Amino acid sequence: MIHGVVHGFYDEIRRDELLGPIFHQKIQPNEWPRHLAKMCDFWSSTLLRTTRYEGRPLPPHLAISGLGEVHFRRWLKLFRATVHRICPPEVAALFMDRALRIAHSFRLAVAFNRGETTIGIEPIAEKEL
């Protein structure tokens, strides 16, 4: 199921007019299989507590200039659509709980890294997407 979510989600990302160009700029066509495998490992570690993922997901995101609220909301909206299409409700809820937490953590880190205040950065609720 993780494989289906990751591959389905990134298919949507690559077609998206807002997020697609960012990913196309950062990930070359021949690098996609490796990236998708890494994302499957990430979600395996995140949801199932496996030790498959070795990496630091935040630094590549900090390197994206202009990354902001609109990007995180689109990411979450596409992710939500994917998990609700592929997963049973209880699994989709688990995926979304983790995705919302990750998005909030990354939003705080991006603001902090830019020297911006993090006061007022509230978690995005799934119902707001």
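Helix axes here are lines fitted to C-alpha atoms over the stretch in contact, and angles run from 0 to 180 degrees between N-to-C directions. On that basis, helices α1 and α3 of this predicted model pack at an angle of about 130°. The protein chain has 6 helices and 0 strands. Its 129 residues have a radius of gyration of 14 Å, which agrees with a compact globule.

**Overall fold**

- Along the sequence, the pattern of the protein chain reads α-α-α-α-α-α.
- The C-alpha trace spans about 40 × 35 × 30 Å along its principal axes.
- A compact globule with 129 residues would have a radius of gyration near 14 Å, and the value for the protein chain is 14 Å.
- Of the 129 residues, 40% count as buried.
- Take the contacts between residues at least 6 apart in sequence: 67% of them join residues at least 24 apart.

**Packing of α1 on α3**

- Helix α1 covers residues 2-15, and helix α3 covers residues 32-48.
- Their axes lie 9 Å apart, and the angle is about 130°.
- That angle makes α1 oblique to α3, because it falls between the 65 to 115 range for roughly perpendicular and the over 145 range for roughly antiparallel.
- The crossing of α1 past α3 is right-handed.
- From α1, the contact uses Ile-2, His-3, Val-6, His-7, Tyr-10 and Arg-14.
- From α3, it uses Trp-32, His-35, Leu-36, Met-39, Cys-40, Trp-43, Ser-44, Leu-47 and Leu-48.
- By class, the α1 contact with α3 holds 10 nonpolar, 4 polar and 1 charged residues.

**Thr-46, in helix α3**

- Thr-46 sits in helix α3.
- Its relative accessible area is 13%, so Thr-46 is buried; the cut-off for buried is under 20%.
- Leaving out residues up to four places away in sequence, Thr-46 touches Arg-98 and Ile-102.

- Pro-57 lies in the loop between α3 and α4, and α4 spans 58-62.
- Pro-57 counts as partly exposed because its relative accessibility is 27%.
- Beyond its neighbours within four places in sequence, Pro-57 is in contact with Phe-42 and Phe-106.
- Pro-57 and Val-6 are 51 residues apart along the chain, and their C-alpha atoms are separated by 15 Å.
- Val-6 is one of the α1 residues in the contact with α3.

Notes:
Residues are numbered from 1 along each chain as its sequence is written. This is a predicted model: local features need pLDDT of at least 70, side-chain atom pairs count only at pLDDT 80 or more; totals for chains, interfaces and linings use all residues. Side-chain values use heavy atoms; hydrogens and water are left out. Helices (H or I, at least four residues) and strands (E, at least two) are DSSP runs, numbered from the N terminus. Angles under 35 degrees count as roughly parallel, over 145 as roughly antiparallel, 65 to 115 as roughly perpendicular and the rest as oblique. A crossing is left-handed if the near helix is turned anticlockwise from the far one by less than a right angle, and right-handed if clockwise. Contact means heavy atoms within 4.5 Å. Ala, Val, Leu, Ile, Met, Phe, Trp, Tyr, Cys and Pro count as nonpolar, Asp, Glu, Lys and Arg as charged, and the others, Gly among them, as polar. The radius of gyration is taken over C-alpha atoms; the globule rule is 2.2 Å times the number of residues to the power 0.38. Buried means under 20% relative accessible area, exposed over 50%, partly exposed in between (1.4 Å probe, protein chains only).
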